[in-house]
Amino acid sequence: MKVIVAEKPDVAKQLRNALEPSAKAVKFAEKVYYYMGEQFIFVPLIGHLFRAQYPQEINEDYKQWKIEKMNLPEILPLKIISPIANTYFKCVKEVTSRKDIDEVVVCTDPDREGQLIWALIEKNLNIKVPITRATLKEQTPKGRLKAYNSRKPNSNYKSLEEAGLGRMQADYLIGLHATRANTVAFGGFKNIVNEGRVQSPTRYMVYLNDKEIKNFKPEDYAVLQLETESDEDKGLVLSSGRLTKEDAEKIKEVLPGNQFKMTKVEKDTKKEAPKLYKTNTVLIDASNKCGISATRTTEILQTLYQNYGLTTYPRTGIEQISVSSAEEVMKIVDSLDGAGIVDDIINEIKEKKLTYQKHLINTKGGDMPHEAITPTFDGDPKSLFDKLSKDEKEVYILIAKRFLQGFYPPAVISETKVTTSINYNNEKIDFGAKGKAIKEPSWMKISGIPNDKFIPSVTDGHSYSYIDSKIQMKQTKPPSRFTNASLLDAMENAGKYVDDKEAKKILKKIE
């Protein structure tokens, strides 16, 4: 008999349906059930059952908030979160203590938080049988079965557990100490100054941004625009770099009557489809393209994954899929076919027999417990899509389109750069113009084809006559204020806000 430990009651039921549908519900206590079968016992949790004790629970002297550092133990003692959490813990303890149990399979979320949930429970149990972990990448029946069949020793995930414990310690020690100290110093009763591992440095970045905007002093500068003849019936406009108004006026006076020899460089560049979604890039795109907040998008990703089984695990920093997943990508295409969401894209993929692009596949091998966020291989969007809310539909479409872009070869972009120059006061003054045209949009047809920027044609090495010139006065602009999307990007690339070289190196590794 094997015990399957799920993070939530509904996940326990879903695992029961996938592994042993005949398993019967057994009432352990009021509103607390587990499922008993011939091969498995499916026991649920309700997320975290344990927490670190508060300072005043460790030492009554810490009940009063002070600025001084508290002398807390290096390993924080634990406590059951609530009476209902205690009931769920007793259920787990009773089930895992049975003499007919030969294995405990952990099926909490496959991240540091999910691993921590189980680790804190295990510390309060005395399990004698092997403990394994099933990595649930997809909340679909086949995904759950695949996860169970490919389970590994739970000890393989010790580093994930330690990361979770480290995060808990940091949240506790940084958050509680700084919140207490700053509240005493700057706040007071009913005026708590909240601090934390994430919000404090994020608030500091917002402060730096605001400070830079307030202290910004705009500077005036001039750009000189030169118009010459071209090989067409219209003139070619080239722009100088940044100049002072005085220099621009003096240079403008010597331009008329000159011939301008053009240097023209044309090249085609290839641009691959963007990497697949990781958590942060979904949050950014949902904010920019759909106007959905990061908090709301996070909720939606969890719902699409857990409640509907339409997308893969939502908390990941990986932007590729594994080789084994890449071998089954057409299953996703087939599941989307006829759903009325992206039918035109599906038809083109099948008609042209497009294959998945290599840069989106992790060919280096190794364990990939967290792949990119994609539609699931055996999800059912045809029957479930209409049940989604408006926001859920928009986020799901974003994920589906980003995944399908991966079937298309690189887009081809034709770029043209024209430059000319004059000598003024023994100094070379450059003028330039750039054009860009999409020759082969490929995957851009899905995300949106950028507008072409055409410039009149000229011949490389030929000289063209002066037509006109004008001075444009401009002003430097302060940095933009953070938006939800730009703040998320800043948080992911926090290293650029740090002066310490060693800290920059560490942050660079984890960005």
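This is a predicted model: local features need pLDDT of at least 70, side-chain atom pairs count only at pLDDT 80 or more; totals for chains, interfaces and linings use all residues.

**A strand and its surroundings**

Modeller: In β7, the residue that bridges to A6 is C107. Strand β1 covers residues 2–6 and is mostly covered, with 5 of its 5 residues buried. Its partner β7 comprises residues 103–107; the two strands run parallel and are joined by 5 bridges. Strand β4, residues 40–44, also pairs with β1 in the parallel sense, again over 5 bridges.

The side chains of β1 can be sorted by direction. In a regular strand, side chains alternate between the two faces of the sheet. Here K2, I4 and A6 point one way, while V3 and V5 point the other way, and all of them are buried.

A polar position comes next. Q306 has its place in helix α10. Q306 counts as buried because its relative accessible area is 7%, under the 20% cut-off. Its side chain makes a polar contact with the side chain of D10, at 3.2 Å. Leaving out residues up to four places away in sequence, Q306 touches K8, D10, V11, Q14 and Q139.

Helix α10 also packs against α15. Two packed helices are described by the angle between their axes and the distance between the axes. For α10 and α15 the angle is about 75° and the axes are 10 Å apart; the two helices are therefore roughly perpendicular to each other. On the α10 side the contact involves R296, T297, I300, L301, T303 and L304, which meet D391, E392, V395, Y396 and I399 of α15.

Returning to Y408, its contacts beyond four places in sequence are I345, E348, I349, L354, Q357, S442, W443, K445 and I446.

Strand β16 leads on to a second sheet arrangement. An open sheet of 7 strands has the order β12-β18-β10-β11-β17-β16-β13, with antiparallel pairing. Strands β12 (259–261) and β13 (263–271) stand at the edges with a single partner strand each, so one side of each has no neighbour in the sheet. From one strand to the next, the twist averages 40°. Helix α8, residues 245–254, packs on this sheet and touches β10, β16, β17 and β18; its direction makes about 165° with that of β18. Inside the sheet, β11 (residues 236–240) and β17 (residues 427–440) pair in the antiparallel sense over 2 bridges, and S239 stands opposite G432 in β17.

Notes. Residues are numbered from 1 along each chain as its sequence is written. Side-chain values use heavy atoms; hydrogens and water are left out. Contact means heavy atoms within 4.5 Å. Helices (H or I, at least four residues) and strands (E, at least two) are DSSP runs, numbered from the N terminus. Buried means under 20% relative accessible area, exposed over 50%, partly exposed in between (1.4 Å probe, protein chains only). A polar contact is a pair of N or O atoms within 3.5 Å; within protein, one must be able to donate a hydrogen and the other to accept it, and residues adjacent in sequence count only if both atoms are side-chain atoms. Two strands pair if DSSP finds at least two bridges between them. Axes are lines fitted to C-alpha atoms, for helices over the stretch in contact, and angles run from 0 to 180 degrees between N-to-C directions. Angles under 35 degrees count as roughly parallel, over 145 as roughly antiparallel, 65 to 115 as roughly perpendicular and the rest as oblique.
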